[in-house]
Amino acid sequence: MASLYVHVPFCPTLCPYCDFHVVRRGPGWVEAYLRRLKEEAQALHERFPEPLRTLYLGGGTPSYLRDRELVALFQSLPWALAQGAEVTLEANPGTLSPGRLRLLQDLGVNRLSLGVQSFQDPVLKFLGRAHGRKGALRAVEMALEWGFRVSIDLILGLPMQDVEADLKEAARLGVGHVSAYTLQVEKGTPFALLGLKEDPEREAWAMERAEEVLGEAGLFRYEVSNFAREGEEARHNLVYWRAGFWLALGPAATGQYPGEGGAYALRRTAPPLPRWLRGEAPKEEAISPLEHAKESLMLGLRLREGVDVGAVEERTGLALFPLLQGRAEELAQEGLLQVRGKRLLPTPKAFPLLHRVVLALWEAL
């Protein structure tokens with residue numbers, strides 16, 4: 001258990017497409033959050049004291065916290081960091097300055113995930129972002145100047161967006177990692193209430209262009225929505241995609257822990273902020289060996305490296321490959337999979353069709 005996710009729910013604005021657990025600052029809320037987080041962290045550390053290889057602070061907007069609040073947050077985490085640990089903080093471009101970047105370095109942050117979304121003012125306005133093009137560019141440039149590993153988020157395929165321009169801007173800046181998503185209109189968000197519809201054809205074209213434009217700049221698609229230079233992959237997120245175990249702190253945060261009594265894993269999801277502050281226990285879900293195997297297929301096939309079915313067999317004690325082999329070979333005949341021993345790898349053709357590929361393999365189990 002060498003990876004930790006910390007959820008910071010506070011945001012300066014509530015974007016109309018966002019369905020994460022986010023809140024605005026309320027009187028005394030941040031102080032109460034920090035007190036409760038410290039209690040939760042100390043209790044979790046007693047059970048899992050191993051030094052962390054990855055630490056990820058997400059939200060919300062962790063960089064929205066004031067300097068003293070950020071210091072208090074890091075001081076509340078009792079874990080040591082392993083040599084070369086990756087420490088990522090999600091940041092809004094409008095919250096960065098030279099002073100803030102210096103503080104983050106002093107706190108041990110070495111990787112910034114910047115919620116840029118676009119470099120075009122009309123698109124940013126449509127998305128309800130607080131920053132504009134100039135602010136986005138300056139934030140990325142500052143972060144790189146200060147020596148951080150930098151990842152930027154882009155949303156692609158929007159109606160008024162020049163997709164090529166956004167991709168070329170990201171490539172020009174020289175960041176090591178780009179997370180490129182298409183807009184998902186989630187139930188209950190303002191975009192859903194407005195009746196906004198997704199455009200699958202335009203989105204598929206946008207992701208194809210992302211692979212081409214970013215690939216030409218040396219950022220290769222190592223996961224369905226993620227592109228990186230060699231060695232710049234998001235190590236924390238790879239723990240999720242490889243169906244590993246991780247710790248979690250904060251409201252609505254989900255962690256995955258070793259299971260007991262026949263369960264392979266135990267997934268624990270904390271309640272939303274008000275109930276979490278009152279000390280309400282997390283919701284627990286036992287993950288059986290077969291469920292873990294299915295999740296390993298679903299998540300692993302998002303990665304260019306694919307999924308090692310033999311390793312999943314060792315973890316679960318299940319004989320999976322004899323059940324999967326015939327279906328996997330059929331998918332390989334269609335050009336959707338490569339079968340290398342017991343490793344199944346998606347082809348570029350498979351990425352837009354992953355749902356179908358995964359369902360076909362699940363049916364074989």
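User: How do β14 and β15 pair, and over how many bridges?
Analyst: In this predicted model, β14 and β15 (residues 343-346) run antiparallel to each other, joined over four bridges. Within that pairing, Q338 has L345 of β15 as its bridge partner.

User: What sheet do they sit in, and what's the strand order?
Analyst: An open sheet of three strands, ordered β13-β15-β14, with antiparallel pairing. The edge strands are β13 (307-308) and β14 (337-340), each of which pairs on one side only.

User: Which helix packs on the sheet?
Analyst: Helix α13, residues 321-333. Helix α13 touches β14 and β15, and its direction makes about 135° with that of β14.

User: Switching to β5. Buried or exposed?
Analyst: Mostly covered: eight of the eight residues of β5 (149-156) are buried.

User: Which residues are on which side?
Analyst: R149, S151, D153 and I155 are on one side, with V150, I152, L154 and L156 on the other. Both faces are covered, and the residues named are all buried.

User: And which way does β5 pair with β4, parallel or antiparallel?
Analyst: Parallel, over five bridges, with β4 spanning residues 111-117. L114 has I152 of β5 as its bridge partner.

User: How many bridges with β6?
Analyst: Six, again in the parallel sense; β6 covers residues 177-182. S151 stands opposite H177 of β6.

User: What unit do β5 and β6 make with α6?
Analyst: A right-handed β-α-β unit, in which helix α6 takes up residues 163-173.

Definitions and conventions. Residues are numbered from 1 along each chain as its sequence is written. This is a predicted model: local features need pLDDT of at least 70, side-chain atom pairs count only at pLDDT 80 or more; totals for chains, interfaces and linings use all residues. Side-chain values use heavy atoms; hydrogens and water are left out. Two strands pair if DSSP finds at least two bridges between them. Helices (H or I, at least four residues) and strands (E, at least two) are DSSP runs, numbered from the N terminus. Contact means heavy atoms within 4.5 Å. Axes are lines fitted to C-alpha atoms, for helices over the stretch in contact, and angles run from 0 to 180 degrees between N-to-C directions. Buried means under 20% relative accessible area, exposed over 50%, partly exposed in between (1.4 Å probe, protein chains only). A crossover is right-handed if, with the strands pointing away from the viewer, the path from the first strand over the helix to the second runs clockwise.
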